[in-house]
Structure formats: structure tokens, C-alpha cells
Amino acid sequence: MLGGEERSMSILFSDVRGFTSISELYKADPQGLTTLMNRLLTPLTNAIIDHHGTIDKYMGDAVMAFWNAPLDDSQHELNACAAALEMIERLENLNRERQEESTAAGQKFIPFRIGIGINTGRCVVGNLGSDLRFNYSVLGDPVNVASRLEGQTKYYAVPIIIGSRTADKAKEKFATLEVDLITVKGKTEPEAIYTVLGGDDVLQDIRFQELRKVYSSMLYCYRGRDWDGALEALQICRTAKETFGLTGLFDLYRARVGAFSEIAPPLDWNGVFVAETK
């Protein structure tokens, strides 16, 4: 039957970066590309299933999944974040295998890179579609935002971006870091977005704690238009012993600060970035 129920859920979208370049290597071998995609989607799917997620659909090289339906999952925010981290880890293992195979065969190697967006909120989940054909799927504004967050991973140069509601539950168990304040296109209220850098081991790492403190100071200066203070904090972040893969994010803010310090932002500027549709 068509219809659904309202639930608080966590939704995940993942997508391959630079898939066109990879597919071009197989333009004369579509079966080979299909085999490669199945090889990619299998470990990503297993990571989601192992952490109690439900696969909604595959869209070419993209995956959509959700938590807390059809079975109850009181830890859906945490499980979604754990799945995302494991997806990245399994992808790295796959890339190592493919690189060894490409080297042995004398072929060009292009590693897989993915972006993952996660968001949490009230959704309707159930059998959605037409009276002729329908799917068990999920609808709601949090779903749209999750898709937009995945698209922003490329801009912010981080593999995972999560919404504020997901982060509220995840910050006690995972190493999360605020990325920015954004207003998603089509919405009016800004929302803080975060990245997930690791589990409890990274959260307890003194190097991460020190980096997060300096980075938070940078955001405070940036939003207060203290460009010199922001640049000083960024320099400390960039020269830290462990940057946790955030060099691209630091470069982004350095470019922003340089632009704003030369050309004053609007008087009502508050450090909120307007995110476009990917």
C-alpha cells in the first residue's frame, strides 16, 4: 500500500568525485566499468548495512541510505557517522588494491574519492511512488539538505559533512569540527555544518584537541572580521604536526580572509556562506 509514517531519521548521500575521468578509461569497455562500479558499491553498501542502515537506492555512482526505518534505531545519528567513517576506510583499502593491480598491469590508476553528506530530522518514510510502481523510501526537508551537504564536501575539501542535528548527538563519540555557517539555497535560516574526522581515538588525541581550539579561534576572528587574528590562527593550523586532512579547508579560509581584507564585505555580513545546489 502507498503511504508512510513520520519518524526522526538520519539520511546519508554519497557520491564519487571525478567519476567522469574514471568512466573515460572504460569508454570502450562498459562491462568493465560495470564490474568496477559493483566493486566500489559493495564495500560501501556493506559498511552501511553493518551499521544498521537501510539502502534506499543507487543512482549511478551515488548511494542514498537512511537510519531508523524500517527498524527502530535509537542511535541512528551515531550509526550513520560510524558508517561514513567506515565507508572512507574501506574505500582506501579498495584504492590500495586497485593501485597494485594497475601497477602490475601497467595501466593508469585513478583513485576513488567520495563525498558523504549526513543530516537528521523528521521525515516521512514508507511506500512512495505511483499506484503502479512504488519504492520504500523517505521524503522530507532533511533529505534535501543531506543531498546538499554531500555536494558541499567538494567545496570544503573534506570527505564528510554532517548537519547540526547529527552533530549534536555525534560530538560526544566522534571527533567533529565545525566547518562553516551556511544557508542552503532555498532556505533562509543559517545552519552550522560539521565534518567528522574520526572516532573516539581521534577525539581523545591531544593533537586534535589543540587543533580544534585554534581552529575555533580562527572562526571567531573570521566572523568578527578580525582578519589578522584569523590569518594568525590559520597559520598555526596549517603548520600543526597533524592537520587531520584539513589543509584544503584551511586554504579555503585563507583565500576568503585575503579577499575580505582587501574588499570589505557588506555591512550585514555575518560569516554565513550561501550554499548553491551541487
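**Helix packing and cysteines**

Leu211, Tyr215, Met218, Leu219 and Tyr222 of helix 7 are in contact (heavy atoms within 4.5 Å) with Leu249, Phe250, Tyr253, Arg256, Val257 and Phe260 of helix 9. This is a predicted model, in which local features need pLDDT of at least 70 and side-chain atom pairs count only at pLDDT 80 or more, while totals for chains, interfaces and linings use all residues. Residues are numbered from 1 along each chain as its sequence is written, and side-chain values use heavy atoms, with hydrogens and water left out.

**Helices 7 and 9**
- Helix 7 (residues 206-223) and helix 9 (residues 247-262) pack with their axes 12 Å apart and at an angle of about 25 degrees, and are therefore roughly parallel to each other (angles under 35 degrees).

**Helix 2**
- The 21 residues of helix 2 (residues 30-50) should span 30 Å at 1.5 Å a residue, which agrees with the 30 Å between its end C-alpha atoms (the expected span is 1.5 Å times one less than the number of residues).

**Cysteines**
- The count of disulfides (pairs of cysteine sulfur atoms within 2.5 Å) comes to zero.
- Cys123 is in no disulfide, and the nearest cysteine sulfur, that of Cys81, is 15 Å away; Cys123 counts as buried, at 2% relative accessibility.
- Cys221 is likewise in no disulfide, with the nearest cysteine sulfur, that of Cys237, 11 Å away.

Terms used
Helix = DSSP H or I, 4+ residues; strand = E, 2+ residues; numbered from the N terminus. Buried < 20%, exposed > 50% of the residue type's maximum accessible area, 1.4 Å probe, protein only. Axes fitted to C-alpha atoms, helices over the stretch in contact; angles between N-to-C directions. Parallel < 35°, antiparallel > 145°, perpendicular 65-115°, else oblique.
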